[in-house]
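Here are a few exercises to work through with the model open beside you. Try each one before reading its solution.

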Amino acid sequence: MAEPYDLFVIGGGINGCGIARDAQGRGLNVALAEMGDLAGATSSASTKLFHGGLRYLEYFEFKLVRHALQEREILLSAMPHISWPMRFVLPLSKDMRFDNSTPTSRILSAVMPWMKGRRPNWLIRLGLFLYDNLGGRKILPGTDRVSLDGTSEGAPLQDRFTKAYEYSDCWVEDSRLVVLNARDAEERGAKIMVRTKVASAEREGDLWRIELEGEGAGMVYAKALVNAGGPWVADVVRNVARQNSSEGVRLVRGSHIVTRKLYDHDKCYFFQGTDGRIIFAIPYETDFTLIGTTDAEHFDDPRAAECTPEERDYLLNFANEYFKESLSAQDVVWTYSGVRPLYDDGAKSATAATRDYVLSLDAKGAPMLNVFGGKITTYRVLAEDAWDKLAGFFPNAGGKWTAGVALPGGDFPVDGVQAQIDQLKSAFPFLTDRWAKRLIRAYGTDAKNMLGLAKSTEDLGRDFGATLTEAEVRWLMTREYARSAGDVVWRRSKIGLHLTPAQIDALDEFMRDAAQAA
């Protein structure tokens with residue numbers, strides 16, 4: 001029998017890759033298996049924000065919000081290439097109403113019935129005060145009250161909106177976050193296997209015997225097992241590890257639409273709905289606007305999640321309550337949908353279900369840790385908390401280490417993006433401004449390594465369109481686990497928005513041929 005791994009992680013989403021990186025950095029021997037592509041499900045279908053979750057304050061989720069607010073700046077300092085500060089504009093309106101779906105709104109309606117369901121501006125300001133102060137900000141600016149009259153922020157909005165609050169959160173390239181955590185784990189010694197499914201996991205003495213199918217097919221052993229299966233976490237418990245558990249997940253579908261660019265500034269809008277929900281409208285991939293998200297119960301296979309026509313129309317109608325220019329289905333250029341595996345806490349609605357995570361340890365023999373729920377902003381502290389559950393089984397492991405430690409390509413200051421772009425253009429004068437910015441925002445300091453000794457665009461090999469070259473594709477195949485065109489244009493990047501179907505097919509054929517020749 002080969003030497004057993006210390007820890008085997010099932011699932012290549014953000015929680016699985018974050019746990020693998022954390023544990024490997026503590027000195028453990030770690031392996032991870034993902035049945036598809038890294039970030040192939042929920043972790044590439046988020047709203048792409050590191051945020052505290054302003055609306056969670058209405059559900060009294062103060063611990064969750066505080067942890068998330070604290071994490072924003074810790075994460076930002078470790079990945080300034082794929083995450084950056086963003087200002088959020090929250091328009092105020094005297095005729096804005098809300099229902100009684102949250103604990104806060106029900107209390108206010110009981111003690112102040114004359115409000116008649118209206119969310120008062122003072123309540124919003126109170127929430128933003130807590131938001132500014134719960135997490136100990138050092139980098140991000142606090143809340144301001146701003147005018148929408150005659151300003152760029154007010155220009156795309158209906159005239160009835162004249163005032164707004166403006167606060168801070170952060171953008172993050174979600175699927176790149178996952179891949180870079182996996183890369184860092186591997187560079188520290190972990191074994192990362194994509195297109196590798198765990199067919200079964202059984203306790204055998206004080207070890208787990210794990211049968212693998214796909215690229216990494218074979219039998220391996222591990223001292224401890226982590227189930228970070230995301231939407232499939234319950235399936236792994238019952239059908240892969242064949243364990244009894246009363247715990248489960250509540251699958252909630254979050255759908256997004258992408259439209260043509262709706263405004264010219266770089267800020268995000270936070271819109272409140274009369275149904276008590278909120279959506280964001282966010283500048284996206286230079287030429288587009290991202291609008292989302294929905295909260296709908298999902299009862300089918302998570303891989304079948306898609307934005308339904310009803311969800312699309314809901315988001316369009318929601319946005320049309322705010323924007324001057326009316327949007328229709330013809331303005332939608334792309335949609336995506338992900339299934340959030342929320343811990344089933346018995347909440348009455350999908351919107352009210354907790355976004356916090358639950359870590360459940362089964363120590364009846366070789367330990368198995370099941371990860372329920374979680375959100376992208378708290379993935380790093382989730383990994384630390386997961387380790388706390390397992391630490392007793394590995395007494396010689398190291399301590400906490402990930403806070404602020406740069407991910408690959410992120411070894412430069414938070415405010416150093418433009419300097420990186422300028423340096424890249426100086427070293428490679430054939431790059432356009434837009435091309436250089438895209439490369440730094442994706443690869444950071446690794447962009448120079450990827451371009452190598454190139455003196456011209458021709459030196460980068462085949463041009464697949466939208467500045468995607470053969471050199472970049474080969475980097476993604478050899479360094480970032482990409483196997484198909486979909487991996488490249490929808491997860492390692494969103495270049496698919498700028499390519500034709502024929503160009504994507506050509507890329508897929510190239511990658512198949514390159515893989516066979518390797």
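**Exercise 1: helix H7**

Find the strands that the buried residues of H7 pack against.

Solution. The buried residues of H7 pack against strands E11 (249–260), E12 (268–272), E13 (278–284), E14 (288–292), E15 (296–297) and E16 (332–343). Contact here means heavy atoms within 4.5 Å. Helices (H or I, at least four residues) and strands (E, at least two) are DSSP runs, numbered from the N terminus. Next, pick out the residues: Glu311, Leu315, Leu316, Phe318, Ala319 and Asn320 are the buried ones of H7. Buried means under 20% relative accessible area, exposed over 50%, and partly exposed in between (1.4 Å probe, protein chains only).

A word on the ground rules: this is a predicted model, where local features need pLDDT of at least 70, side-chain atom pairs count only at pLDDT 80 or more, and totals for chains, interfaces and linings use all residues. Residues are numbered from 1 along each chain as its sequence is written, and side-chain values use heavy atoms, leaving out hydrogens and water.

**Exercise 2: Met477**

Work out whether Met477 is buried or exposed, and list what Met477 touches.

Solution. Start with the location: Met477 sits in helix H12 (residues 470–479). Its relative accessible area is 17%, so Met477 counts as buried. Now the neighbours: leaving aside residues up to four places away in sequence, Met477 touches Ala482, Arg483, Met511, Ala514 and Ala515. Last, a distance check: Met477 and Leu499 are 22 residues apart along the chain, and their C-alpha atoms are separated by 19 Å.
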